Amino acid sequence: MEQLVVAIDGPSGSGKSSVSREAARRLGAAYLDTGAMYRAVTWHCLDAGTDLHDAAAVAAAVRAADLFISTDPDSEEVLIHGTDVTRTIREPFVSEAVSAVATNLAAREELVRRQRALIAGHARIVAEGRDITTVVAPEAQARILLTASEEARLRRRGLQLGGGQSGEDLHRQVVARDAKDSTVTNFTTASDGVVTLDSSDLDFEQTVQAVLRVVAGAG
Ligand code: C5P
């Protein structure tokens, strides 16, 4: 049987993680959250006192990282050097530091290598992030850029964090982070063959359905 790879990219707050996870469940596929890998190695560098602006030290830490990420869509488990960081990596202090690792090209190279190996190990998988359609799995059968207006993305991220953040905090975690990330990955315009889905006016179920239609049409 031919392998099924679904690649989904998008900015912060586009809903790509929850939508990709649900699409994976319905497709009976594995699920890879590549952002969680960037977050986990960032947490590890912070925890170990590695200077995030020392590119060589960060790259060495990433290469040596003993990283486990569950590819079961019903599990969010992430372990680094045996520490369960499933919850901690979602904290704002990680979100605000992660771009320093994501813009380290040697660190990216190592994580891309591991992501490709994880993808290759599954007969069916939905992988999501910022560079899946373009770098990690450009040969995927279905490639989707999931976008949403800035207003919708700020609103969704606010809800996800349980409300109570200032507009300034949300802006830093969504718009400013995307601006930093977009210096190394292109997740704002679709490259050739990538289907753009704008979810600004779609609810969760409608967005999942739209993704599944792209996958069905790609077969
Ligand atoms: O998707 P999420 O917000 O969890 O991603 C966290 C960070 O990981 C992003 O802000 C970006 O810096 C980085 N990332 C990346 N390439 C990916 C996935 C995530 O650079 N494929």
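This is a predicted model: local features need pLDDT of at least 70, side-chain atom pairs count only at pLDDT 80 or more; totals for chains, interfaces and linings use all residues.
**Salt bridges in close-up**

**View 1. A network of salt bridges joins Glu22, Arg25, Arg26, Asp74 and Glu205.** Because Glu22 and Arg26 are 4 residues apart in helix 1 (residues 16-27), about one helical turn separates them. Glu22 is buried, with a relative accessible area of 16%, whereas Arg26, at 37% relative accessibility, counts as partly exposed.

**View 2. Asp131 forms a salt bridge with Arg108, with the closest N and O atoms 2.9 Å apart.** This pair links distant parts of the chain, 23 residues apart, since Asp131 sits in the loop between strand 6 and helix 6 while Arg108 belongs to helix 5 (residues 105-120). Both partners are buried, Asp131 at 3% relative accessibility and Arg108 with a relative accessible area of 9%. Leaving aside residues up to four places away in sequence, Asp131 touches Asp9, Tyr38, Arg108, Val112, Val136 and Thr185.

**View 3. Arg153 and Asp178 form a salt bridge in which the closest N and O atoms are 3.0 Å apart.** Arg153 lies in helix 7 (residues 150-160) and Asp178 in helix 8 (residues 167-181), so the pair ties together parts that are 25 residues apart in sequence. Arg153 counts as buried at 10% relative accessibility, and Asp178 is buried as well, its relative accessible area being 7%.

Notes:
Residues are numbered from 1 along each chain as its sequence is written. Side-chain values use heavy atoms; hydrogens and water are left out. Contact means heavy atoms within 4.5 Å. Helices (H or I, at least four residues) and strands (E, at least two) are DSSP runs, numbered from the N terminus. Buried means under 20% relative accessible area, exposed over 50%, partly exposed in between (1.4 Å probe, protein chains only). A salt bridge is a side-chain nitrogen of Lys or Arg within 4 Å of a carboxyl oxygen of Asp or Glu.
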